[in-house]
Structures are given as structure tokens and as C-alpha cells.
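I am opening the notebook on this entry to record what I looked up, element by element and pair by pair.

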Amino acid sequence: MSHPAPDSGRSHPTTRVLAMLELLQAHHHMTGPDLARRLGVDERTVRRYAARLDDLGVPVVAERGRHGGYRLMPGYKLPPLMLTDDEAVAVVLGLVAGRRLGLPGQATESALAKVQRVLPAALRDRVQALRETLGFTLAARDAAAPSTGVLLTLAAAVRERRRVRLRYRSWQGADSERDLDPYGLVFHSGRWYATGHDHRSGEVRTFRVDRIASADTGGTATGAAYEIPAGADPVQHVTRSLAGVPYAHEVEVLLETTLEQARRRVPATVATLTETAGGVVMTTRAEHLDGMARMLAGLGWPFMIRRPAELRGHVRDLARHLDEQAGR
């Protein structure tokens with residue numbers, strides 16, 4: 001997307017202005033002599049280029065003195081980004097992979113389209129060839145897109161330890177308003193979650209960010225400072241919360257294996273594992289017991305079903321089916 005710094009007197013001044021922008025984006029600070037040498041111009045011309053960038057809405061700070069020089073200052077809008085070919089490819093592939101993982105939002109699609117439109121023709125064709133031939137072992141996620149504003153408000157509230165007021169809709173469709181001391185944000189399986197102390201329930205709770213209609217840190221009841229308890233682990237809390245989502249059947253099985261081996265095969269979002277005499281107790285919930293029977297068979301360890309009793313019948317049915325397949 002970008003080009004090397006031009007030779008002195010052989011390129012259009014606008015090209016050299018853009019080359020200066022690229023240099024300032026790549027380096028936090030550059031002296032006038034360094035810029036002049038890289039651009040093939042004199043220092044007076046460098047000062048003129050800095051003024052030109054400022055006129056274009058790209059604020060360049062000129063610092064005087066022995067250690068003076070030039071640097072970019074964050075402005076009111078994102079300035080044009082000058083990316084090398086490798087950086088542009090990294091952005092494209094990051095967006096492609098992120099979309100497959102479940103990073104949500106129309107902004108992902110529009111950003112990908114913008115970058116692809118301005119890639120040099122030869123590089124665009126090569127990137128497109130990679131996209132067309134790239135395979136994934138992970139199935140595409142049905143991502144739920146949260147509001148960007150809500151997401152950024154929650155992130156700032158966590159960093160600044162400021163209470164936030166949420167308008168939230170539960171999975172049952174019930175609307176509520178609650179004050180939350182957020183402990184962290186977690187991205188899991190294509191969805192964003194916020195976890196923290198919920199003042200309405202008085203407990204640490206997990207909320208899906210895409211169900212949050214608004215988040216506000218202003219007002220008299222919000223913005224209050226708080227401390228995140230020592231040892232709070234948002235990722236662990238979210239995974240445990242998801243493992244506890246209600247399903248039709250509560251399942252408890254004794255697995256004849258070690259806790260270390262069980263943790264390698266059974267994710268924390270699927271079940272709770274507890275070490276006990278004779279093995280590991282796996283406690284989970286299931287909507288369909290035939291699927292739970294297949295899961296137990298796939299683990300490959302001896303097991304003893306504690307509850308529900310109906311699960312035993314599904315295991316026997318699976319065993320008969322496998323025996324029939326073996327005899328074909």
C-alpha cells in the first residue's frame with residue numbers, strides 16, 4: 001500500500017508529504033535532519049511538509065531544541081494510515097480470521113473491503129488467492145454483534161474502576177436496569193461477555209454484551225469508584241457461568257481417570273470437574289442424553305453414571321448401535 005521514500009527532486013511533492021506521514025507513523029519521533037535525509041529534501045522543506053499535513057487534518061507536533069523534531073499527535077479523527085505491503089496483508093488476514101472466530105459487526109466487513117480496495121493490484125490478487133484457497137478447521141461462528149459504544153464504555157469502566165448502569169434484556173426477553181461494577185470483558189465462542197458485581201442481585205454475574213441496550217457511567221448513581229477483589233478471574237467466572245446454564249437434564253458421572261487428564265479433554269465451559277476417591281466427578285447439564293452418551297464413549301475412560309438413571313439406557317442404545325455397525 002505504500003512506497004519507498006522518493007529520490008530527491010524526482011517525485012511529486014504530494015508523494016513526499018505522504019512518505020513523511022508514513023515515516024512519522026512508523027517512528028514515534030524523528031528529527032528534522034533524519035526526515036530530510038530520508039525524504040531527499042532540506043529541513044526547510046520538511047517544515048513545509050509538516051504544515052501541509054496539519055492543513056490536511058493530520059496534527060504534526062514540531063518540537064524545538066537540541067532534542068527537538070517531529071511527531072504525530074492524536075487528532076479528532078483517524079488520519080490516513082500508510083501501511084507496508086506486509087502490514088496490509090496482516091490486517092486483511094487478521095480480519096478474515098477474526099470473522100471466522102466470531103468477531104462481530106458490520107465494521108469488520110467494511111474495514112476489510114476498504115483495505116482490499118486500495119491494495120496494489122498484484123498484491124490484491126495474491127491476497128485474494130490466499131483467501132480463496134484458505135481452509136479452516138474451526139466451523140464458522142454465528143456471532144452476536146454488540147454495540148461498539150457499549151463495548152468501549154464497559155472497557156473504560158473496567159480500567160477506571162467506575163460503576164456503570166446497564167439496560168439489559170435477558171434470554172427470556174425481560175428488560176431490566178441494573179448497576180454493575182465490571183471486573184472484565186471476555187470474548188468466548190463468538191460472543192462478548194461482561195462480568196462483575198451486580199448491585200441488583202448482590203452477586204457476581206455474567207452478562208452478554210449484545211443484550212446490553214445501553215451502558216452509562218454518568219449520573220448520580222453511576223460512576224462511583226470501586227475495587228476489583230483480589231483473585232477475581234473474569235475468564236474463569238464466565239466459563240463457569242456458561243457451564244451452569246440450565247438444561248433439561250443434570251448429569252453426574254464418575255470418570256475413572258486423573259483430574260489432569262480430565263481437564264485436557266473436558267473444557268471448563270462444558271462441565272465442572274472434582275477430584276474424588278476413585279477418579280473425577282464430572283457434573284454438567286445436557287439437553288439431549290443421547291449426545292451425552294456419545295460424549296462419554298468418546299472420552300475413552302471407564303465411567304459410572306450417578307444421575308440421571310435414564311442416561312444408562314442411552315449408553316446401552318449406543319452400545320447396541322456400535323455393535324450392529326461392527327457386525328456389518
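Helices (H or I, at least four residues) and strands (E, at least two) are taken here as DSSP runs, numbered from the N terminus. The model is a predicted one, so I note that local features need pLDDT of at least 70, that side-chain atom pairs count only at pLDDT 80 or more, and that totals for chains, interfaces and linings use all residues. Residues are numbered from 1 along each chain as its sequence is written, and side-chain values use heavy atoms, with hydrogens and water left out.

**Salt bridges**

I first looked up salt bridges, each being a side-chain nitrogen of Lys or Arg within 4 Å of a carboxyl oxygen of Asp or Glu, and the search of the whole structure returned 16 of them. In helix H11 (residues 310–326), Arg-320 and Asp-317 sit three residues apart, about one turn of the helix, and they form a salt bridge whose closest N and O atoms are 2.2 Å apart. For burial I used relative accessible area, with buried meaning under 20%, exposed over 50% and partly exposed in between (1.4 Å probe, protein chains only). Arg-320 counts as partly exposed because its relative accessibility is 48%, and Asp-317 counts as partly exposed because its value is 41%.

I then turned to Arg-178 and Asp-198, whose side chains meet in a salt bridge at 2.9 Å, N to O. This pair links distant parts of the chain, with Arg-178 in strand S4 (residues 175–188) and Asp-198 in strand S5 (residues 191–198), 20 residues apart. Both Arg-178 and Asp-198 are buried. I also noted a network of salt bridges that links Glu-250, Glu-252, Arg-285, Arg-306 and Arg-307.

**The sheet**

Next I traced an open sheet of five strands, which runs in the order S6-S5-S4-S3-S7 with antiparallel pairing, two strands being paired if DSSP finds at least two bridges between them. Strand S6 (203–208) and strand S7 (212–216) are the edge strands, each pairing on one side only. From one strand to the next the twist averages 45°; axes are lines fitted to C-alpha atoms, for helices over the stretch in contact, and angles run from 0 to 180 degrees between N-to-C directions.

Six bridges join S5 and S6 in the antiparallel sense, and Tyr-193 has Arg-208 in S6 as its bridge partner. Helix H7 (residues 148–160) packs on the sheet and touches strand S3 (164–169), S4, S5 and S7, its direction making about 80° with that of S4; contact here means heavy atoms within 4.5 Å.

Which residue forms a salt bridge with Arg-208? I found Asp-210, the closest N and O atoms being 2.8 Å apart. Arg-208 is buried because its relative accessible area is 17%, whereas Asp-210 counts as partly exposed because its relative accessibility is 23%.

In helix H7 I picked out Ala-155, which counts as partly exposed because its relative accessibility is 35%. The C-alpha atoms of Ala-155 and Ala-194 are separated by 9.2 Å, and the two residues are 39 apart along the chain.

**Helices H2 and H3**

Last, I checked helix H2 (residues 32–39) against helix H3 (residues 43–55), whose axes come within 9 Å and cross at roughly 95°. H2 and H3 are therefore roughly perpendicular to each other, a label given to angles of 65 to 115 degrees. On the H2 side I listed Gly-32, Pro-33, Leu-35, Ala-36 and Leu-39, which meet Glu-43, Val-46 and Tyr-49 in H3.

How values were computed: Parallel < 35°, antiparallel > 145°, perpendicular 65-115°, else oblique.
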